[in-house]
Amino acid sequence: KDYSNGIKPNWCPGCGDFSVLRAIQLAAASLEIPQERMVVVSGIGCSGRLSGYMNTYGFHSVHGRSLPLAQGIKLANRELTVLAAGGDGDGFAIGAGHTLHAIRRNVDLTYVVMNNQVYGLTKGHVSPVSLPGLKTKTTPAGSVDQPIQPGLLAVGAGVTYYAQGFSAQQEELVSLIAEAIKHKGFSLVQVFSPCITYNKTNTYSWFRENLTNVSEVPAHQTDNVDSALRILRETDGLITGLIYHQPDQPTFEDRHGLNQHDPLTSKMTESTEEQFSRWTKRFFI
Ligand code: SF4
Ligand code: MG
């Protein structure tokens, strides 16, 4: 199956988001997700265009609001594989509240954040994850703010799957996204995805020099929260690979008695209507 709809992305040639788009398509292909059962919801920003390039259902939504939509879509029809995508501004500034609450709810969906450490669509101003000293149009003398470290935020808030990838390491990224989709619960994949036009500091070569991989930390245990927090702190978050995975935590659907389907077989024992009726009776009757 081809998960590309053939529309040529209008990103700048060399933008990291091309690789992330392809990685999502390859991950969907590796899992053989039926195209009519997959929905990609995106926010606003350069990366927000991603949903328009998928040969699946898609929803190019509102700034910072891809997760409320994605959660609503998943809960309305749990036979769907739902993937939300957006940028660092989308997920860690205007949408940061939604990111935290999606983490604690643990609805079974995947969120891919393309982190280029600037706002690309609005011409490269500083973002909540820009490193101190980054010169942008809004920080001509260099950013003085403490950046958010998404990994510490997510693992600290109780995320059940957290991984970090790099646009230039697509093979690993495909596998991290495929595993995230297979995970039962909310999975977050943060991708270092360089903006070649507005971020002249955190470039591909900068990431190649500064990123380490979890395979270089053999003592790391992906099911251990202390181990995950430690490697994130020790590397200032500049690490790729699977950082944290708790496969057996109850999802929002479990806690509310909603039947989950297997995204690969789409098997459910109750229809969506029967479950919705049973669920609403718990609260309203
Ligand atoms: Fe990509 Fe930056 Fe161009 Fe936007 S401005 S398409 S993030 S390279
Ligand atoms: Mg950005």
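**View 1. Overall fold of the predicted protein chain.** This is a predicted model in which local features need pLDDT of at least 70 and side-chain atom pairs count only at pLDDT 80 or more, whereas totals for chains, interfaces and linings use all residues. Residues are numbered from 1 along each chain as its sequence is written, and chains are lettered from A and ligands numbered from 1 in the order in which they are written. Ten helices and ten strands make up the secondary structure of the protein chain (DSSP runs, H or I of at least four residues for helices and E of at least two for strands, numbered from the N terminus). The radius of gyration, taken over C-alpha atoms, is 18 Å, close to the 19 Å that the globule rule (2.2 Å times the number of residues to the power 0.38) gives for 285 residues, so the chain is as compact as a globular protein of that length.

View 2. Leaving aside residues up to four places away in sequence, Asp-90 touches Gly-43, Ile-44, Gly-45, Gly-48, His-63, Gly-64, Ser-66 and Gly-95, contact being defined by C-beta atoms within 7 Å. Between Asp-90 and Val-62, 28 residues apart in sequence, the C-alpha to C-alpha distance is 9.2 Å.

**View 3. The largest nonpolar core.** This core, a set of buried Ala, Val, Leu, Ile, Met, Phe, Trp, Tyr and Cys residues joined through C-beta atoms within 7 Å, has 61 residues, of which Val-112 and Ile-177 touch the most other members. Helix H6 (residues 170-182) gives the largest share, seven residues. Apart from this core lies another, of eight residues, including Trp-11 and Cys-195.

**View 4. The shell around ligand 1.** Among the residues around ligand 1 are Trp-11, Cys-12, Cys-15, Asp-17 and Cys-46, a residue being included if its C-beta atom, placed from the backbone, lies within 6 Å. The shell divides into seven nonpolar, three polar and one charged residue (nonpolar: Ala, Val, Leu, Ile, Met, Phe, Trp, Tyr, Cys and Pro; charged: Asp, Glu, Lys and Arg; polar: the others, Gly among them).

Conventions. Buried ≥ 20, exposed ≤ 12 C-beta atoms within 10 Å, placed from the backbone. Contact = placed C-beta atoms within 7 Å.
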